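Here are my notes on the model you passed along. Have it open while you read, and follow the points in any order you like.

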Amino acid sequence: MLILVTNDDGVRSAGIRTLARTVADLGRIVVVAPDRNRSAVGHALTLEDPLRLDELKKDVYAVDGTPTDCVNLGIHGLLQQPPDLVISGINRGSNVGDDITYSGTVSAALEACLMGVPSFAVSLEQLEFSERALTTAAQFARRLASRVLEQGLPRETFLNVNVPAAPCRGVELTRQGKRQYGASVVRKEDPRGRYYYWLGGADVSYEDIPGSDCNALQSDFISVTPLKANLTHEQAYTELLDWPLQSMIGNL
Ligand code: MN
């Protein structure tokens with residue numbers, strides 16, 4: 001089996017190193033990951049600049065690009081055959097609810113899914129990893145990887161896995177929840193007397209939605225959410241069939 005491992009925290013992060021080491025017995029592991037922290041770059045693809053690939057050691061590569069670049073470069077530029085699985089993580093911090101839309105970690109798994117390669121993302125709720133929680137996340141990822149390698153995934157599906165900071169009480173199949181980010185722009189003055197702005201920093205909470213990834217994590221359960229790339233809103237499509245779109249074409 002050939003497994004491509006990537007992340008968005010950078011190739012040197014503890015999360016990816018533990019993950020790669022833990023799944024090592026499942027096959028050949030090739031790590032292709034950003035050379036630095038590229039968290040929250042979403043599904044960005046580098047098109048206007050060249051990409052450099054630095055072989056740190058055998059089967060471990062650093063790329064001066066995004067997680068999505070890494071999956072592309074790994075699959076189309078580096079590996080002789082498509083991998084059997086792509087795993088992205090273990091991310092520093094959870095990726096639940098709206099986080100998914102910003103997450104480089106989840107986007108790397110999305111990219112693999114678009115290429116038809118089974119994939120999942122793994123994130124750990126802690127920002128400062130404890131050895132225990134990191135081991136739990138890596139071991140769960142290994143068992144999940146083993147299952148996916150044997151059974152595959154439903155068509156056009158990839159998985160988003162989140163592991164709680166506290167000792168986990170179980171695992172739950174979930175749906176994407178909803179974050180509440182609050183007002184989170186900080187304005188300060190720089191030494192030259194100009195204002196600068198910094199996004200984030202405000203406490204985040206989440207909507208209480210039973211069965212959601214947010215709720216599962218809050219209850220100290222590992223959350224496994226099946227995701228798809230196709231964003232078409234089927235219910236809205238049906239409702240919008242009533243819209244007079246044809247009349248809007250008018251004299252265009
Ligand atoms: Mn990250």
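1. Ground rules. This is a predicted model, so local features need pLDDT of at least 70 and side-chain atom pairs count only at pLDDT 80 or more, while totals for chains, interfaces and linings use all residues. Residues are numbered from 1 along each chain as its sequence is written, and side-chain values use heavy atoms, with hydrogens and water left out.

2. The metal site. Which residues hold the manganese ion? The protein donors are D8 (OD), D9 (OD), S39 (OG) and N91 (OD1), lying 2.1 to 2.3 Å from the ion. A donor here is an N, O or S atom within 2.8 Å of the metal (3.2 Å for Na, K and Ca), and sites may look incomplete because water is not among the atoms. Along the sequence the donor residues are spaced D-D-x29-S-x51-N. Both D8 and D9 are buried; that word means under 20% relative accessible area, with exposed being over 50% and partly exposed in between (1.4 Å probe, protein chains only).

3. The main core. The largest nonpolar core has 34 residues, and V31, I87, F120 and V161 touch the most other members. Helix α5 (residues 131–151) gives the most to this core, with 10 residues. Apart from it lies another core, of 15 residues, with L4, V30, A112 and V117 among them. A nonpolar core is a set of buried Ala, Val, Leu, Ile, Met, Phe, Trp, Tyr and Cys residues joined through side-chain atoms within 4.5 Å. Helices (H or I, at least four residues) and strands (E, at least two) are DSSP runs, numbered from the N terminus.

4. A look at V161. Leaving aside residues up to four places away in sequence, V161 touches F120, A121, V122, S123, F140, L144, I222, S223 and V224. Contact means heavy atoms within 4.5 Å.

5. In helix α2 (residues 67–78), the buried residues are P67, T68, D69, C70, V71, G74, I75 and L78. Their cover includes β1 (2–6), β2 (28–34), β3 (53–57), β4 (60–63), β5 (85–92) and α4 (104–114). Helix α1 (residues 14–22) buries G15, I16, T18, L19, A20 and T22, and these pack against β1, β2, β5 and α5. As background, an α-helix has 3.6 residues a turn, so residues three or four places apart point the same way.

6. The peptide bond from G89 to I90 is cis, with omega near -5°, and I90 is found in strand β5. Two residues other than glycine have a positive phi: E156, near 55°, and D220, at about 65°. Where do they sit? E156 lies in the loop between α5 and β7 (158–163), and D220 in the loop between α6 (213–218) and β13 (221–227). D220 counts as partly exposed because its relative accessibility is 23%.

7. Salt bridges. How many turn up in a search of the whole structure? There are 8, taking a salt bridge as a side-chain nitrogen of Lys or Arg within 4 Å of a carboxyl oxygen of Asp or Glu. R142 and D25 pair at 2.7 Å, N to O. That pair links distant parts of the chain, with R142 in helix α5 and D25 in the loop between α1 and β2, 117 residues apart. R142 is partly exposed at 22% relative accessibility, whereas D25 is exposed at 54%.

8. Pairs between sequence neighbours. R36 and D35 meet at 3.0 Å, N to O. R155 and E156 do likewise at 3.1 Å, N to O; R155 is exposed, at 70% relative accessibility, and E156 is exposed too, at 53%. Salt bridges that share partners also join R28, K58 and D59 into one network.

9. A nonpolar patch outside. V185, Y195, Y197 and L199 form a nonpolar patch on the surface, with about 480 Å² of accessible area together. Strand β11 (residues 195–199) supplies the largest share, 3 residues. Y195, in strand β11, is partly exposed at 45% relative accessibility. Patches are made of residues with over 30% relative accessible area and no salt bridge, joining like charges within 9 Å and nonpolar side chains (Val, Leu, Ile, Met, Phe, Trp, Tyr) within 5 Å. Accessible areas come from the Shrake-Rupley method with a 1.4 Å probe, and for residues only the protein chains shown count as cover.
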